[in-house]
Amino acid sequence: RNFQTKPRARAGPHTGDPLLFADTSSAAPPMNNQGYYTPGYSIGGAPVGGPADAGVNNLFADPIASAAMMYGSSLANQGKEIVNKEISRYVSVNKLKYFFAVDSKYVMKKLLLLVFPYTHQDWEVRYHRDTPLTPRHDVNAPDLYIPSMAFITYILLAGMALGIQKRFSPEVLGLCASTALVWVVIEVLVMLLCLYILSLHSDLSIFDLFAYSGYKYVGMIFTVLGGLLFGSDGYFVALTWSSCALMFFIVRSLKMKILSSLSHDSMGAGATAKPRLRLYITVATAAFQPLIIYWLTSHLVR
């Protein structure tokens, strides 16, 4: 028997029943008329409301996780408050800000005063409602900006001087920096101890002492520069000038700070001897400055 095979007609796609899975592998996110992506898709390509967002929402919706996050946040805040409280017990941030309240005009005037203080007449620190004016408003007010910057400049200048003489090494530079810093700390501690042992009241705070003690770095920079530019003769000339200027500055400044509290010691036994003790401490502090300047700069110039 002859069988004839009839060609089967291919059926078109059945559009009546819905597809089980939508093919989105090549489809771009839908766009609106203005050409922007619809909110149903995120920038990274994952649709908003997908598994990732569901996990985050579940995390925030979980009361245990929310309570743990709130407890951790409260612990962090409490720890921050405790740290700030402990720091404020020893270092007052507001007082520290006062010593850095400077501007360029004040810095120029103070540097000129440190280098040439002999023509300055008024050394009294000005007050406004029992509060001393900030350094930017009073050139006589002590600051910590100039000592800090002068210390950094001194270290850089010491490194340059050692490099010129082929003696530079990180150990030598670190020893130079630590020695300069330790001597200032020792000077401040000795002066505090003297004021405490002799029961002398003064308007000096520990920041004031660090400021006046740190002004020697300006003289040290001037001395090292004189030695590098003009040799040993220039070094000793600069040392003499900076030492005399710093001693004059220290005596006039500390005299206004220490002797301004004589009214506290006007009563009691030994009151007549305390002005002399104050004067001795002031002169001893000033006389110590040339020695420490020479000690910290002589090895840098040869």
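The model is predicted, so local features need pLDDT of at least 70 and side-chain atom pairs count only at pLDDT 80 or more, while totals for chains, interfaces and linings use all residues. Residues are numbered from 1 along each chain as its sequence is written, and side-chain values use heavy atoms, with hydrogens and water left out.

**Overall build**

Let's start with the big picture. The chain has 9 helices and 2 strands; helices (H or I, at least four residues) and strands (E, at least two) are DSSP runs, numbered from the N terminus. Read from the N terminus, the elements go α-α-α-α-β-β-α-α-α-α-α. Of the 302 residues, 31% are buried, where buried means under 20% relative accessible area, exposed means over 50%, and partly exposed is in between (1.4 Å probe, protein chains only).

The chain exposes about 20400 Å², with carbon and sulfur atoms supplying 65% of it; these areas come from the Shrake-Rupley method with a 1.4 Å probe, and for residues only the protein chains shown count as cover. Among contacts (heavy atoms within 4.5 Å) with a separation of 6 or more, 73% join residues 24 or more positions apart.

**The cores**

A nonpolar core is a set of buried Ala, Val, Leu, Ile, Met, Phe, Trp, Tyr and Cys residues joined through side-chain atoms within 4.5 Å. The largest one here has 48 residues, and Tyr154, Tyr215, Phe249 and Leu300 have the most contacts inside it. Helix 4 (104–115), helix 5, helix 6, helix 7, helix 8 and helix 9 (274–297) each bring at least two residues to this core, and helix 8 gives the most, with 12 residues. Leaving out residues up to four places away in sequence, Leu300 touches Tyr154, Ala158, Ala161, Leu162, Gln165, Arg167 and Val224. Another core lies apart from it, with 6 residues, among them Phe99, Leu144, Phe207 and Ala211.

**Helix 7**

Why is helix 7 (residues 206–214) largely enclosed by the rest of the structure? Because 7 of its 9 residues are buried. Those are Phe207, Asp208, Leu209, Ala211, Tyr212, Ser213 and Gly214. Their cover includes helix 3 (93–98), helix 5 (145–164), helix 6 (170–197) and helix 8 (216–258).

**Cavities**

Rolling a probe the size of a water molecule over the atoms shows where empty space is left. On a 1 Å grid over the protein atoms alone, a cavity is a set of points where a 1.4 Å probe fits but cannot get out, and lining residues have an atom within 4 Å of a point. Grid points are joined across faces, edges and corners, and a volume is the space filled by probe spheres set on the points. The count comes to 2 cavities of 30 Å³ or more.

| Cavity | Volume | Lining by class |
|---|---|---|
| Largest | about 90 Å³ | 8 nonpolar, 2 polar and no charged residues |

Helix 8 gives the most to the lining of the largest cavity, with 7 residues. The second largest cavity has Leu209, Tyr212 and Ser213 among its lining residues.

**A loop residue**

Lys166 sits in the loop between helix 5 and helix 6. Although Lys166 is not a glycine, its phi is positive, about 60 degrees. Lys166 counts as exposed because its relative accessibility is 75%.

Note on methods:
1 Å grid on protein atoms, 1.4 Å probe; cavity = no way out; pocket = protein on both sides within 12 Å on 5 of 7 lines; lining within 4 Å. Nonpolar A, V, L, I, M, F, W, Y, C, P; charged D, E, K, R; others polar.
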